[in-house]
Amino acid sequence: MYDRPIVPKDFIVPQFLKTSEFILKPLTIGYLIKDFDAVMSSVEHLSGLMDPNDRWPIGLTIEENLVDLGWHQREFTLRHSFAYTVLSLNEEECLGCCYIYPASKLDYDVQVFYWIRKEYLATGLEDRLGVKFLSWLEKDWPFTKIILPGRE
């Protein structure tokens, strides 16, 4: 297997981030129903968000979402990429997701994406998530050059 971790072997990967508005936890298949609900509630907002040429999640089935979450979970354990679910403080609702991927541009360590359910966009929650997420990456992760495709 090709070994391409994006963090050093001795780096302890954070398992959560708790703020006054939400909690980030690793995205696993255990969040299938909550994640699928969040994705399906926000199809128009998400389509093209991570790649202008990608129509995901248009037409996404729950089975395909299970495969996606399994892939995210495995990538996390291999340290190849990291996906976090954004949960309400009581952990009853998936509010969105955050992703840390290898950078596609050579001058960067990682590229990151994040999103919040469409129904919360007007509250500014997505912007506040972005600020907290980036601050966390700069403070608690070993990255110095982070790119936010579509947001830079």
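Where is the place of R79? I found R79 in the loop between helix 3 and strand 3 (82-87); helices (H or I, at least four residues) and strands (E, at least two) are DSSP runs, numbered from the N terminus.

**Ground rules.** I am working on a predicted model, in which local features need pLDDT of at least 70, side-chain atom pairs count only at pLDDT 80 or more, and totals for chains, interfaces and linings use all residues. Residues are numbered from 1 along each chain as its sequence is written, and side-chain values use heavy atoms, with hydrogens and water left out.

**Backbone entries.** I looked up phi of R79 and got a value near 70°, which is positive in a residue other than glycine. R79 is buried, with a relative accessible area of 18%; buried means under 20% relative accessible area, exposed over 50%, and partly exposed in between (1.4 Å probe, protein chains only).

I noted E91 next. E91 is not a glycine either, yet its phi is positive, at about 65°. E91 sits in the loop between strand 3 and strand 4 and is partly exposed at 27% relative accessibility.

I also checked for a cis peptide bond and recorded one joining W56 and P57, with omega about 10°. P57 belongs to the loop between helix 2 (43-46) and helix 3.

**Aromatic pairs.** A pair of aromatic rings is described by the distance of the centres and the angle of the planes. I searched the whole structure and got 13 aromatic pairs. The criterion: rings of Phe, Tyr and Trp (its six-membered ring) pair if their centres lie within 6.5 Å; planes under 30 degrees apart count as stacked, over 60 as edge-to-face and the rest as tilted.

I took W71 and Y101 as one entry. Their ring centres are 6.4 Å apart and their planes stand at 45°, so the pair is tilted. W71 is in helix 3 (residues 62-78) and Y101 in strand 4 (residues 94-102), so the pair ties together parts that are 30 residues apart in sequence. For accessibility I have W71 as partly exposed, with a relative accessible area of 42%, and Y101 as buried, at 14%.

I then looked at W141 and F143. With ring centres 5.7 Å apart and planes at 15°, the pair is stacked. W141 and F143 are both buried.

I traced a cluster in which ring pairs link F11, F76, F82, Y84, Y114, F133, W136, W141 and F143. Y114 has a further entry: R151 lies over the face of its ring, 3.9 Å from the ring centre. The test for this is NZ of Lys or CZ of Arg within 6 Å of the ring centre and within 35 degrees of the ring normal.

**Helix packing.** Which angle do the axes of helix 1 and helix 3 make where they cross? I read roughly 115° for helix 1 (residues 32-40) and helix 3, whose axes come within 10 Å. Axes are lines fitted to C-alpha atoms, for helices over the stretch in contact, and angles run from 0 to 180 degrees between N-to-C directions. That makes helix 1 roughly perpendicular to helix 3 (under 35 degrees is roughly parallel, over 145 roughly antiparallel, 65 to 115 roughly perpendicular, and the rest oblique). On the helix 1 side the contact (heavy atoms within 4.5 Å) is made by L32, I33, D35 and F36, and on the helix 3 side by I62, N65, L66 and L69.

**Last entry.** I looked up S20 and S88, which are 68 residues apart in sequence and 9.8 Å apart in space, C-alpha to C-alpha. S20 is in the loop between strand 1 (17-18) and strand 2 (23-26), and I have it as exposed at 65% relative accessibility.
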